[in-house]
Amino acid sequence: MSWGEIAGLVAAAAAVVFVALCAVPLLKLGGVMDELRLAVRRLGEGTTPILDELKGTVSTTTREIARLSEVTEELAKMSRSASTMTEQAANVSTVVSTPLVKTAEVVGKGATAARDVGRRVQEHRPRRRARAVAGELEPGE
């Protein structure tokens with residue numbers, strides 16, 4: 001064997017060792033890739049039901065929000081109606097109370113006038129009696 005052949009054998013052996021050393025990490029990397037492929041498959045399988053549930057939840061939430069907007073609109077209508085009723089009650093109160101107040105004023109003035117007439121009559125009677133006793137009244141008075 002010549003030095004060239006020995007050098008060729010050493011180079012070939014070195015190449016085999018290099019390939020063997022590179023093959024170990026490549027095999028381990030292949031195993032990692034297989035595990036990664038399985039993990040992605042499991043993730044896809046687990047995500048699909050979650051997405052289906054999420055879709056149902058979103059549709060239910062959308063329906064509830066639509067109902068909530070209907071309730072809000074109804075509450076706004078009720079609020080407007082209550083406001084209108086309050087205004088109408090105030091108007092009715094004004095319409096009813098004004099004549100009642102005026103009637104009470106008239107009745108009060110009438111009662112005052114009747115008291116005044118009653119006092120005058122009471123004051124005038126003793127004079128008439130005194131004049132009648134004195135003979136000063138004439139028969140038509």
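Is R37 buried, partly exposed or exposed? At 44% relative accessibility, R37 counts as partly exposed, where buried means under 20% relative accessible area, exposed over 50%, and partly exposed in between (1.4 Å probe, protein chains only). The model is predicted, so that local features need pLDDT of at least 70 and side-chain atom pairs count only at pLDDT 80 or more, while totals for chains, interfaces and linings use all residues. Residues are numbered from 1 along each chain as its sequence is written, and side-chain values use heavy atoms, with hydrogens and water left out.

The protein contains 1 helix and 0 strands; helices (H or I, at least four residues) and strands (E, at least two) are DSSP runs, numbered from the N terminus. Helix 1 comprises residues 3–134. Of the 141 residues of the protein, 0% count as buried.

An unreviewed UniProt entry annotates residues 6–27 as "transmembrane region". UniProt positions are given in the numbering used here, feature names are shortened, and annotations may be inferred rather than shown by experiment. In the model, residues 6–27 are 100% helix and 0% strand, with 31 Å between the end C-alpha atoms.

L26, L29, V32, M33, L36 and V40 make a nonpolar surface patch of about 600 Å². Patches are made of residues with over 30% relative accessible area and no salt bridge; like charges are joined within 9 Å, and nonpolar side chains (Val, Leu, Ile, Met, Phe, Trp, Tyr) within 5 Å. L29 lies in helix 1 and is partly exposed, with a relative accessible area of 47%.

A salt bridge is a side-chain nitrogen of Lys or Arg within 4 Å of a carboxyl oxygen of Asp or Glu. By this rule, the count is 3 salt bridges. One of them joins the side chains of R37 and D34, at 3.9 Å from N to O. R37 and D34 are separated by about one helical turn because they are 3 residues apart in helix 1. D34 counts as partly exposed at 41% relative accessibility.

Another salt bridge links the side chains of E64 and R67, with an N to O distance of 3.0 Å. Both residues lie in helix 1, 3 residues apart, about one turn of the helix. E64 has a relative accessible area of 41% and is partly exposed, and R67 counts as partly exposed at 48% relative accessibility.

E74 also forms a salt bridge, its partner being K77; the closest N and O atoms are 3.7 Å apart. E74 and K77 are 3 residues apart in helix 1, so about one helical turn separates them. The relative accessible area of E74 is 41%, which makes this residue partly exposed, and K77, at 43% relative accessibility, counts as partly exposed.

Definitions and conventions: Accessible areas come from the Shrake-Rupley method with a 1.4 Å probe; for residues, only the protein chains shown count as cover.
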